[in-house]
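Me: I would like to learn how to read a protein model step by step, going from the overall layout to single residues. Could you take me through one?

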Amino acid sequence: MTFRLFPLLAALGLAVFASSAGADTLLMERTQKEAGMAMPTRGMTMAQVESRYGAPLSKLDPRGGNKPQHPVINRWEYDNFIVYFERSHVIDSVAKRADANEIGPNSRH
């Protein structure tokens, strides 16, 4: 009985591995695409970002600034990325994550 059960378990394990490998490929493809995206770089000013990438879709209300160790943080949203500013300089740009049609791991699950 053990010998008959082994091929079934092996096939089941292979099917699970294949489905997760496909999802990993999609995630890797998205990561590679994001790495090649043109996004604002650390140190750019708000004026430089707006000049190069145009006006953002939205500018969220600033946060922080109530203490010297808590500088004002601004967030601007563009089509494919979000830019974070400390005072008036870029500290990070982050690609927007998966959309509703993507198959595989994403931030909405």
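Me: Which pattern does the protein follow when it is read along the sequence?

Reply: One begins with the order of the elements, bearing in mind that this is a predicted model. Read along the sequence, the pattern here is α-α-β-β-β-β, made up of two helices and four strands.

Me: How do strands β1 and β3 each pair with β2?

Reply: For strands, one looks at the direction and then at the bridges. Strand β1, residues 58-59, pairs with β2 in the antiparallel sense over two bridges, and β2 is joined to strand β3, residues 81-86, by five bridges, again with the strands running antiparallel. Glu77 of β2 is the bridge partner of Ser58, and the bridge partner of Glu77 in β3 is Ile82. Between β2 and β3 lie three residues, and the two strands form a hairpin.

Me: How many aromatic pairs does a search of the whole structure find, and why is the pair of Tyr53 and Phe81 edge-to-face?

Reply: The search finds four aromatic pairs. For Tyr53 and Phe81 the ring centres are 5.6 Å apart and the planes stand at 80 degrees, so the pair counts as edge-to-face, the cut-off for that class being over 60 degrees. This pair links distant parts of the chain, with Tyr53 in helix α2 (residues 46-53) and Phe81 in strand β3, 28 residues apart. Both Tyr53 and Phe81 are buried, and together with Tyr78 they form one aromatic cluster.

Me: Where does Gly65 lie, and is Gly65 buried, partly exposed or exposed?

Reply: For a single residue, one asks about its place, its accessibility and its contacts. Gly65 lies in the loop between β1 and β2, and its relative accessibility is 42%, so Gly65 counts as partly exposed. Leaving aside neighbours within four places in sequence, Gly65 is in contact with His70, Pro71 and Val72. Its C-alpha atom is separated by 9.7 Å from that of Glu86, which is 21 residues away along the chain.

Key
Residues numbered from 1 in each chain as written. Predicted model: local features only at pLDDT ≥ 70, side-chain atom pairs only at ≥ 80, totals over all residues. Heavy atoms only, no water. Pairing = 2+ DSSP bridges. Phe/Tyr/Trp six-rings, centres within 6.5 Å; stacked < 30°, edge-to-face > 60°. Buried < 20%, exposed > 50% of the residue type's maximum accessible area, 1.4 Å probe, protein only. Contact = heavy atoms within 4.5 Å.
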